[in-house]
Amino acid sequence: MSISVETAKEHLNDPAVLCCRREKGKLLEASDLEDPTLFPDYEDSGLLELPDNVLKIGQVLGATLDKTMDALLPLTPDVVDNIQDPSAQDDEEDTDNAPATEDATPASPDVTATVANGNVSNGVVHLSVKEGKGIELDVPLAMVNQGAVKNAPSAGETKETTSQQEPEVDEEVVRTLTRKHFKIDKVEFGDETKIDGTTLVIGNTDELCKEALENHEIVKDISVSVITPDDYHKYTNSIMDVQPIATKEEGELGEGVTRVLDGVVTVLTGTDENGVQVGEFGSSEGYVDENVMWGRPGAIDKGEIMLVINATVQAGTNRERRGPRGAHEAADTIVEHIREALKKADDSLVVDTEKIEQKRRFGNKRVLLVKEIMGQGAMHDNLILPKEPVGTLGAQANVDLGNLPIMLSPLEVLDGGIHALTCIGPASKETSRHYWREPLVEEALKDEDIDVVGVCLIGSPQANTQKSYVSKRLGMWAEAMGLDGAIVTTEGFGNNHIDYGENIEAIGSRGVPVVGITYSAIQGELVTGNKYMDAIVDNNKSKWGIENEVLENNTLCQEDAIRALAMLETKMAGGKIKKPERKWNPNVKLNNIDLIEKATGKKIELAKNEQSLPMSKKRKEHYEKDVD
Amino acid sequence: MTDKRMDYSSEIDKLKYSSTERVFEGVITEVNDVSVKIDFKGRMGKMDIPRRLLITEYDPKVGEEVGWLMSYPEVLDTEANQKYLGALHEYKKRMAKIAKEKEKGRTKE
């Protein structure tokens, strides 16, 4: 298919191939050329073979075809007369960022910063601009270090960036959240629920469970048990959620003071009356030490005590919205008692006080974080903004809110503002705990080069018509906010990738650079695409790129957040992100990590994957002994 | 970082018949909050898939036809995977236990 003049301009350095049969003597123009984005497909099916000496599009536009040629044949020097100089064709391809000195022309972001190579002298960095005809810039080191640290490339290995005008930043702390940590190293059952030194006592479990069941008819049975770190090789049912135990001491959720227990987490598990696991399909039931990816933001940390609350829901309702919802709410009734006790605990027991500030950095690039959450078929729900951290009371389900974009402050997210019911595949589901320590939100808050405007939650409905409705609203938000950049993430994969693409387009089409984060690799290959999806970070950690049942294995971690922010800042500065390879290649990520580490001088800890878990091959003996 | 570089081969390389994918059609026989059940046309099987794996313009309805590409499933290894086998046995054991208890409860009444 022939291309337009604009497309030709965007692909001046790509190979020139005739789209159709042309006669000798034809003055070559865009409409004679084949779309370069289709070349990989043609090459795969053997329709096209590009020789080493194939000319670039920039070289043939305005040149003359010296020989009658058929469609899909590459243009080489022997068949083209009057080969052009491609730099003459090149207008401003990219958004420009005027370099630091005033003498420079506004053109050409094609600047190669040499800071990474240490070409520094007399406290300035010498930059040479390739285009714009011999302009040389001397930029004060301080300014370029700001820009250079963020010029770390992306989906590929580009090293292009622009030095940026240092903005006048007006920093303002808009709200603060103080987290008081209480250490727990033992969980016991007793008469009264209380925090006794470093022991959490759960009082009168029978009464607690009875109360939970009374208020939630759909839950037929509920029980509380403890799994300690020395005995992780214990069986649990399908893990529905992992939750920190926290309560408000002062103020509303998202500000003020919150108390949290360290060393223990609530783990909600469940089945229906017939023993069928609650979960979509294949879930993370089994031995804890084989099925949990320790240390992920949304998982249990090794060394933590698990307070397991197991709910049994009415037969068959594990496939209905009300089943899991009932289980979560019933469990919350029990946790509420612990919250009450935590509120009463003495201040002297606080082991650590953490202050989390939400800063607006007015003057910096305005960046919105968008978290696309599941909103299909109502078993996938997130309860937004309960009264207590990770509670259920007072919260609204995103499905009930029409899946429309909801704005939260970063602190509301980190303070347990999301109670996740998401029953998608365990490897990519984001549990409640994930939001409590959301790596993207945490990294973005620390980033001094951007102004995080907020965190927008947007649901993913089932039907395409509804998806469009919702994405368009996100686009309008983006427009009204006047953004300079956005990061769009989604949990899981499937048809939510359709509106994931639409969400990126809704924002991107307003001229706002967007970076995406999602699980993709082999199993979650994106189903649709658009031109705004040119910078994506893959959450995959599993060795073979396949979704598995290891809890939280493929969720967003710090290393993904770091890459996404580096990519976004490269895009916002006018830098280029290299095209991805045709198929998933795990080395792309490793290359990016290398580049970022070199540019920032900071080591990035890579998260482990399921290969680090014990794989018991002898379970057959263990089980088959007493079958039947 | 070379020690971290993987000499990887994609899962798709494990498949010897990957290009046997062809169009299948089916009919939705049940829609619930979690999944959609589909009967293959030609009585060639049935499947129960999570809703997020179904592409649809409007909310799915029983009786609607669906189409998709599928290759013939290939057995990947001559050895059964012990981990899954173990989990399956364990599961069946539990289900059997629960069924027995239910039965006991019923006969008591």
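Student: Before we start, what should I know about the numbering and the model?
Tutor: Residues are numbered from 1 along each chain as its sequence is written, while chains are lettered from A and ligands numbered from 1 in the order in which they are written. The model is predicted, with local features needing pLDDT of at least 70, side-chain atom pairs counting only at pLDDT 80 or more, and totals for chains, interfaces and linings using all residues; side-chain values use heavy atoms, leaving out hydrogens and water.

Student: Okay, chain B. What does its secondary structure come to?
Tutor: Chain B has one helix and four strands, in the order β-β-β-β-α from the N terminus. Helices (H or I, at least four residues) and strands (E, at least two) are DSSP runs, numbered from the N terminus.

Student: And how many of the residues in chain B are buried?
Tutor: Of the 109 residues in chain B, 24% are buried. Buried means under 20% relative accessible area, exposed means over 50%, and partly exposed is in between (1.4 Å probe, protein chains only).

Student: How is chain B divided into domains?
Tutor: Chain B has domain 1 (19-72) and domain 2 (79-108), and 29 Å separate their centres, taken over C-alpha atoms. The bounds come from an automatic or database domain assignment.

Student: And chain A?
Tutor: Chain A is divided into domain 1 (5-84), domain 2 (138-155 + 169-174 + 360-623) and domain 3 (177-353). The C-alpha centres of domain 1 of chain A and domain 3 of chain A lie 63 Å apart.

Student: Back to the chain B helix: how far does α1 reach?
Tutor: Helix α1 of chain B (residues 82-108) has 27 residues and reaches 39 Å from its first C-alpha to its last, close to the 39 Å expected at 1.5 Å a residue. The expected span is 1.5 Å times one less than the number of residues. Its buried residues are Gln82(B), Gly86(B), His89(B) and Glu90(B).

Student: Now α13 of chain A. Why call it largely enclosed?
Tutor: Because 11 of its 13 residues are buried, α13(A) is largely enclosed by the rest of the structure. Tyr500(A) and Ile504(A) are among the buried ones. The buried residues of α13(A) pack against several elements of chain A, including β19 (365-374) and α12 (464-481).

Student: Switching to aromatics, how many pairs are there over all chains?
Tutor: The structure holds six aromatic pairs. In one, Phe24(B) and Trp68(B) have ring centres 6.1 Å apart and planes at 20°, so they are stacked. Rings of Phe, Tyr and Trp (its six-membered ring) pair if their centres lie within 6.5 Å; planes under 30 degrees apart count as stacked, over 60 as edge-to-face and the rest as tilted.

Student: Where do Phe24(B) and Trp68(B) lie?
Tutor: Phe24(B) lies in strand β1 (residues 22-31) of chain B and Trp68(B) in strand β4 (residues 65-70), so the pair ties together parts 44 residues apart in sequence. Phe24(B) and Trp68(B) are both buried.

Student: What does Phe40(B) do with Trp68(B)?
Tutor: Phe40(B) and Trp68(B) form an edge-to-face pair, 5.0 Å centre to centre with 75° between the planes. Phe24(B), Phe40(B) and Trp68(B) form one aromatic cluster.

Student: Last one: which rings do Arg52(B) and Arg94(B) sit over?
Tutor: The charged end of Arg52(B) sits over the ring of Phe493(A), 5.3 Å from its centre, and that of Arg94(B) sits over the ring of Tyr235(A), 3.5 Å from its centre. The criterion is NZ of Lys or CZ of Arg within 6 Å of the ring centre and within 35 degrees of the ring normal.

Definitions and conventions
Contact means heavy atoms within 4.5 Å.
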